[in-house]
Amino acid sequence: MFRSFVTIADHSREKIEYLIRMAQEFEQHPNRLLLQGRVVATLFFEPSTRTRLSFETAANRLGARVIGFADPKVTSGTKGETLKDTIMMVSNYADVIVMRHYLEGAARYASEIAPVPIINAGDGANQHPSQTMLDLYTIYQTQGTLDNLNIYLVGDLKYGRTVHSLLQAMRHFNPTFHFIAPDELAMPDTYKDYCREHGIRYVEHQDFDADVISGADILYMTRVQRERFTDLMEYERVKDRYLLKLDMLSKARDNMRILHPLPRVNEIDYAIDDDPHAYYFQQARNGLFARQTIICDTLGITLEQIKEDQAIIQ
Amino acid sequence: MPVGSADGKRNMKRQELIVSALDHGTVIDHIPCDRLFQVISLLHLEQMTSKVTIGFNLKSHKMGTKSIIKIADRFFTDEELNQLSVVAPNVSLSIIRDYEVVEKKQVCLPDELRGIIHCNNPKCITNNEPMRTLFHVTDKQQGIVRCHYCNHEQNIKEVKIV
């Protein structure tokens, strides 16, 4: 019995907690032979070095072998082959397919036609559920719980799919969200409606300063990209307003942690890297455990099996 | 009833009769003329083997001009008929048995639309791969549908028909 991992928005509270327990096992012992003899394919129809390395490391550290491509220029897609044909062909070779695609909905479609599980490593502007899984794990790891947290989302809330997925996945845990963004990149109404439908509290802030940050348990920063603005004057006007500087942390709670999906350009001052609130590099490391979890879960390997697993490489 | 009565309804009935009466089957009336051929293709009438009568550019009190289709010996499921709601939400359906109208129906948006409309999102996989579209209807009153693949919500009035 296998199941694809296309979105995290539909996952129940129980399923998310189960996956977090599994990721804890991998954090304790990341090197195992659980997937010995298996083949994992990584098909990147759009380059994403960070995500690909994370998935490939996850597979390698569990003893699987990895095939695939990092650059769509080398595939038959450029000769006019359909996604379906590529997926059906690779399904003959691999036990699970990790797929990144520039088209939205590509992973859902692939999961409907493939005889092996599909893991969505990002489909255009739509979903990036493995990022959400590692975000959830990091929040749990730093706060000891997912319940009743104040989560501040800062930057590009309009196009940032990671913040949208996080918002949806947190709905089971009674969060309060705070939205801090320039008008052009404000949280879309669809997601505010989603909050209302699911009883999620949210507050919108104009300012981004020490007083606002003082209420945060999680400060989730995203990149404000120049190319997202239709009015470049507006970009020049707002770009510095959403930079996080060290003095803005003066009133921050002790438990507050700063997360960022990376790559960072200049939205977090480098002086913050040594501050105990900074957590984005540890967050990136959690990507490994989250992706080990996702690969195993899609292949039908259970938490019990992982706990009983004797093939740990010390 | 005297011939040439001023009763408009009667006149309309006579005009429908010009198209020919039906003993058994389905009548789809009040089709906007510019949607007639979409209705034909949605119900796959071109593949029918029984008698199909089509009236095009007929006079209508309600609509100015209208089209009508009479399909002999064929009764459609609600699911099939509800597909029409996308192209012609105001059609009148009559089920005929032994020359009698035994049932009148209106169409309503179904819960799902399979292979009927295109997604508005040019970056959606359905617009780039030879595959069937699927939409979930999220608001029947407002006509809001969500693409099963890319999750984009769109108004049914703004989508292209396959």
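**Sheets, helices and contacts**

Modeller: In chain A, five strands make an open sheet with parallel pairing, ordered β7-β6-β5-β8-β9. Strands pair if DSSP finds at least two bridges between them; strands (E, at least two residues) and helices (H or I, at least four) are DSSP runs numbered from the N terminus. This is a predicted model: local features need pLDDT of at least 70 and side-chain atom pairs pLDDT 80 or more, while totals for chains, interfaces and linings use all residues. Residues are numbered from 1 along each chain as its sequence is written, and chains are lettered from A and ligands numbered from 1 in the order written.

Colleague: In β6(A), what is the bridge partner of A:Val154?

Modeller: Strand β5 (residues 150–154) of chain A runs parallel to β6 (residues 176–180) of chain A, joined by five bridges. A:Val154 has as its bridge partner in β6(A) A:Ile180.

Colleague: At what angle do α5 and α10 of chain A pack?

Modeller: Axes are lines fitted to C-alpha atoms, for helices over the stretch in contact, and angles run from 0 to 180 degrees between N-to-C directions. Among the residues that meet are A:Tyr137 of α5(A) and A:Phe289 of α10(A), where contact requires C-beta atoms, placed from the backbone, within 7 Å. The axes of α5 (residues 129–143) and α10 (residues 280–298) of chain A are 8 Å apart, and the angle is about 115°.

Colleague: How many residues of α7 in chain A are buried?

Modeller: Buried residues have 20 or more other C-beta atoms within 10 Å of their own, C-beta atoms being placed from the backbone; exposed ones have 12 or fewer, and partly exposed ones lie in between. Helix α7 (residues 189–197) of chain A has nine residues and is hardly covered, with a buried count of zero.

Colleague: In chain B, what is the partner of B:Leu113 in β7(B)?

Modeller: Chain B has an open sheet of four strands with antiparallel pairing, in the order β6-β7-β8-β9. Three bridges pair β6(B) with β7 (residues 134–139) of chain B. The bridge partner of B:Leu113 in β7(B) is B:Phe135.

Colleague: How many residues of chain A are in contact with chain B?

Modeller: Chain B contributes 15 residues to the contact. On the chain A side, the count is twelve.

Definitions and conventions:
Contact = placed C-beta atoms within 7 Å.
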